[in-house]
Amino acid sequence: MHAKSGRTVRDLRRENRTAVLRRLYFDGPMSRLALGPATGLSSGSISNVVAELVAEGLVEEAGSVDSAGGRPRTLLRIAPDSGCMIGVDVGETRVRIELFDLALTELARTERPLAPSGPRTARYEVAVVVDHLRDGIAEVLRTAGVPAERLLGVGIGVPGIVERTAERGAVVHGQTIGWDAVPLERLLREKVALPAEVPYRIENGAKTLGQAEMWFGAGRGAGSAVVVLFGSGVGACVVTDPLGPGQALEWGHLTVRVRGRSCRCGAQGCLEAYAGAEALLARWREAGGEPPAGADEETALTAMLAAAYPADAGAAAGGGGQGEAGPGGVAGDPVALAVLDETAEYLGAGLADLINLFQPERILVGGWAGLQLGSRFLEPVAAYARAYALRHPGGRTEIALGTLGPEAVTVGAGLLPLVDFFALGGRRPERAPSVPAPAWQTALRDRVST
């Protein structure tokens, strides 16, 4: 049966379930009476949908609230233990894997370090990363005692551009890490012992960061935002629908100086060659700075901040000291200060481009380096951004730090399967789209059936 709009009754039922699940997830617990105006559905539709969701274990009662002169109204919420998601951050120093319930309570986690030195392409060797994912997914499920059948999906944030193909699923083009059309989804299905119907959602890490900050962080309540991932390199995600997926931008490879510094992507003059943490530290070293020998980027950036802001040496990661002098009036290292100011100007000019192009309500800066540099660094960045941006959009855009911390990419990755689950009305896909089951799963099914 088809509705007048061309949608089937099944489509309408799915949309009604989606509306109720989303409203309960973001604003619950709520009563049936409150769900009506919040979703625009009739009381009869609310009753039918809620009855289905309760019967399926997706929604549960969560106490009651007094009503004006009548019986107390029962409150409803999403049942946290009715499913779980895995979020993965393929980061710059480690692969972080976390298992969440539907309330985003962490059930288990593991971290697998990547090689701290040597070429980036060696650090991100595809077989090594896939093995980390295989072992880490198995570990968090085992640690939490969760059967794989309860998984709504596995979300993965990666560096690079993600393309989806019918034959190979999600393919990653990670030019800066040496990934040339890596069929990551297919490789995972061949290596990871999960049921065929468990979906993988692989996205750019800036996009997963944006998902997390818009749903639960500093972006909540904004109609539009650009979320910046500032780590070893820089990336961004533009969000125009607060509940929908954002669009990842290869913002770090915007050309800011023709025939400028060499970027790790192979081009010259990219923003990332000036404003990423890797480039920032390289420029400090070239100017005479002395990062600790053998230190990783996070440790080296801490040392640079301590040199620039002696008063903040005990709390460099927070970035919240006052003034430019340390204890006893000792000024910060002028070389480190000059490099930081130049970096702030490049980053501010890059933010101005985002303001002029997208005119967002907010720009949020996250990622380990952005959070480590903190509010002290963000103030000159914001000042430069407004100086370079057009006055009208520049004056209307709020620039702030993300609030979910360095693990926001993992949280956002975990949300990706939940977005799809809600879009399906709280139903699991019959099998993962596009990618055929690996041979070992087919053989296992044939063995069992015979």
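Tutor: The chain's accessible surface comes to about 20000 Å², and 52% of that belongs to carbon and sulfur atoms. Areas here are Shrake-Rupley values with a 1.4 Å probe, and for residues only the protein chains shown count as cover. The model is predicted: local features need pLDDT of at least 70, side-chain atom pairs need 80 or more, and totals for chains, interfaces and linings use all residues. Residues are numbered from 1 along each chain as its sequence is written, and side-chain values use heavy atoms, without hydrogens or water.

The chain has 450 residues, and 50% of them count as buried (under 20% relative accessible area; exposed is over 50%, partly exposed in between, 1.4 Å probe, protein chains only). Its secondary structure comes to 15 helices and 16 strands, taken as DSSP runs numbered from the N terminus (helices H or I, at least four residues; strands E, at least two). Of the contacts with a separation of 6 or more, 62% are between residues 24 or more positions apart. A contact means heavy atoms within 4.5 Å.

Eight names make up its buried list: Val129, Val130, His132, Leu133, Gly136, Ile137, Val140 and Leu141. They sit on the same side of α5, because their arc around the axis is only 155°, taken from the directions from the axis to the C-beta atoms. An α-helix has 3.6 residues a turn, so residues three or four places apart point the same way.

What does that buried side pack against? Five strands are listed: β4 (84-90), β5 (94-101), β6 (106-113), β7 (151-158) and β10 (179-182). Helix α6 (184-191) is a further partner of the buried residues. Turn to the face pointing away from the buried side. Arg142 and Thr143 are exposed there. Just after α5 comes glycine 145, with a positive phi of about 65°.

Helix α7 (residues 205-216) lies across β12 (225-230), β13 (234-239), β14 and β15. α7 runs at about 125° to β12. Axes are lines fitted to C-alpha atoms, for helices over the stretch in contact, with angles from 0 to 180 degrees between N-to-C directions.
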